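Visitor: Let's zoom in on a single part of this one. Pick a spot and walk me through what surrounds it, please.

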Amino acid sequence: MSRPLHRVSGGGRFSCSSHDLLNDSHMKDKIEKDNNDRSRLSSDNTYLSFRFPFGFLFPENALPKNGVSENGFILDPFSPATLRSRQKCTLLFLKISLVVIVLLALSGSFWWTISITTSPRGQVLRGYRRLQEQLVSDLWDIGELSVGTTRLKELEFCSEESENYVPCFNVSENLELGFTGGEEYDRHCRHGSRQNCLLLPPTNYKIPLRWPTGKDVIWVANVKITAQEVLSSGSMTKRMMMLEEEQISFRSASLMFDGVEDYSHQIAEMIGLRNDNFIQAGVRTILDIGCGYGSFGAHLFSKQIITMCIANYEASGSQVQLTLERGLPAMIGSFSSKRLPYPSLSFDMIHCARCGIDWDQKGGLLLIEVDRLLRPGGYFVWTSPLINNQGLVRNKKNLEKWNMVRHFLKDLCWDLLSQQDETVVWKKTSEKKCYVSRRPGVGPSMCSKGQDIEFPYYQPLHACIGGTRSRRWVPIEDRAIWPSRANLNSTELEIYGLHSEDLAEDTINWNLAVRNYWSLLSPLIFSDHPKRPGDEDPSPPYNMVRNVLDMNARFGGFNSALLEAGKSVWVMNVVPTVGPNYLPLILDRGYIGVLHDWCEAFPTYPRTYDMVHGEGLLSLETGQQRRCSILDIFSEIDRLLRPEGWVILRDTATLIESARALATRLKWDARVVEIESNGDDRLLICQKPLFKRPAS
């Protein structure tokens, strides 16, 4: 039996064996010298521990009792012969150990190879994936353990000045850095622009009203806006609102216009429709530039038209913030120097009603970006005082701007369909041959293969026509009408290397997943939700979830399943930049989405989503070279999520358990749920509590 080394009175240790001792005569000759050496060495016991680290390997019965040999002489463990003997024993032991290890490794490798060759490929891949995930989880745990007691420390609350903090959008700082000409409104993510703290809502924050009421009425304390900004002029749809004590109402009609419904009918007539059922014209998705406060999209939402609002970052009176507070689709986006994070040929219509963009500037570069985003046969609707015929007669400068835009779009092969009052509608060509048939030098040229990038991510604008090389060049009139569009045919799926069976299987899995989600959440989100103080008794079922941020959307299956289940929600389908890019497929199905790097802040305001969902997100992000921590991603989720909002994460058991530990640091209520259909996966369901800053 082995045990730790024991010191003797002389400070030495036992020899490996007695037959290696020097004979009696030699010992007598050196005894005086050795005694001196021993007395010197006994003063430093640490030296012995370092010099003979393998002493515990030798059994104690190999040595004579009390360190005395059979001849009665005291053993000298510091003699050269003894040292050489110890070295020989140590080397012999190491050699034997090495041989044993090699034999075990070879035999293990042999049996592992046999098991690999006889196992199904899918089982091997799953096993390899589990090994990878376990390694990531172990490394993650090691990193957290290294910080000691701070591992489970809850994050602090941010300062009051950060209530509406949006990373990557700092206009004053951008101006100091020399960004001008509209670039100061662009997204500039710099290291250290994110805060790992929890944003508290404003002091008088209230949970948004349920739809449909909440689509037209919001609490004024929930957004940053002044009374003057409410009453000020600007976008047409900005004027369709009024301040009523603690609320802002969007149901009133403007004194200048007949209302958004009449405006919508006018556009439909200009396209050639009898009513504003734009789906009949192949229109399902609309990009609304400078959307005001989203009234145009709110009106079309009930007609199954999904409208994405984009506008510049605004510190106060933000169009995007108020639109999202109504529960409608919106994100911060700037038409200035960079391409928007959408692929080419993404939208059926692009709308600009007094959006504040000078389309005649930059040599038509902004109109070329509109052309890139617009599908073949799509519509561009522009409403502006610049178009008014009477105003053009009186203002030569406006006439020059109008003529520049009109001639430039004609050179882009767009057809001017109709012009009424301050509104004009163009239709993009459906034929690529139009670009080739133009006279040399007329209009922008077609992008080269290197320039025609289908997936630009905030890249600089290009002065060439993009999207013409894409296999997705299909006129909107040739696409299936919604909702049939959501089920792409085999030819359309072939573009993405998929088959009809792939999409069908994905649909079945997500329909089952949504049923499971809602069976868990229904008592809390739907008709059984407890009434809040001061609320009237609702008529069940009502829906507390209006919008969902899907952080790893893949084919848009979660979006599809929610619609099939009859949920009155819209989904922001986010495709991470580190994974497979199926964003064009999502957009072709008639959904909305965006490309995004989750190591950067999402371009939106705090408290803008009712639910955040991520299936496989943790596996995807931890499988990459670590550019940011999972805590960074979780703190960003907390920034985006409304108080009393929900987080649903689905991933492997090890990653979900690690995520639950992070959820406690963010003060979320969290629980882990097993999934019967997949023993390896778990659900992490969290709710963000409503914390309020004490009134000062």
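**An open sheet and its surroundings**

Guide: Buried residues account for 51% of the 696 residues in the protein chain; buried here is under 20% relative accessible area, exposed is over 50%, and partly exposed is in between, using a 1.4 Å probe and protein chains only. Keep in mind that this is a predicted model, where local features need pLDDT of at least 70 and side-chain atom pairs count only at pLDDT 80 or more, while totals for chains, interfaces and linings use all residues. Numbering starts from 1 along each chain as its sequence is written, and side-chain values use heavy atoms, with hydrogens and water left out.

The chain has 21 helices and 17 strands, taken as DSSP runs numbered from the N terminus (helices are H or I, at least four residues; strands are E, at least two). Let's look at the open sheet of seven strands, ordered β13-β12-β11-β14-β15-β17-β16 with mixed pairing; two strands pair if DSSP finds at least two bridges between them. At the edges are β13 (592-596) and β16 (669-674), each with a single partner strand, so one side of each has no neighbour in the sheet. On average, neighbouring strands are turned by 20° against each other, direction ignored; axes are lines fitted to C-alpha atoms, for helices over the stretch in contact, and angles run from 0 to 180 degrees between N-to-C directions.

Inside the sheet, β14 (residues 609-615) and β15 (residues 641-652) run parallel, joined by six bridges. Val612 sits opposite Val647 in β15. Then there's helix α21 (residues 653-665), which lies across β15, β16 and β17 (681-687) and runs at about 155° to β15.

Now for Arg546, in the loop between α16 (500-525) and β11 (547-550). Arg546 is buried, at a relative accessible area of 3%. Leaving out residues up to four places away in sequence, the residues Arg546 touches include Trp211, Trp570, Asp610 and Arg642, where contact means heavy atoms within 4.5 Å. The Arg546 side chain also reaches the backbone oxygen of Glu325 at 3.3 Å. For reference, a polar contact is a pair of N or O atoms within 3.5 Å; within protein, one must be able to donate a hydrogen and the other to accept it, and residues adjacent in sequence count only if both atoms are side-chain atoms.

One last stop is helix α17 (residues 557-564): six of its eight residues are buried, so the helix is largely enclosed by the rest of the structure. Among those buried residues are Phe558, Asn559 and Leu562. After α17 comes Gly566, with a positive phi near 80°.
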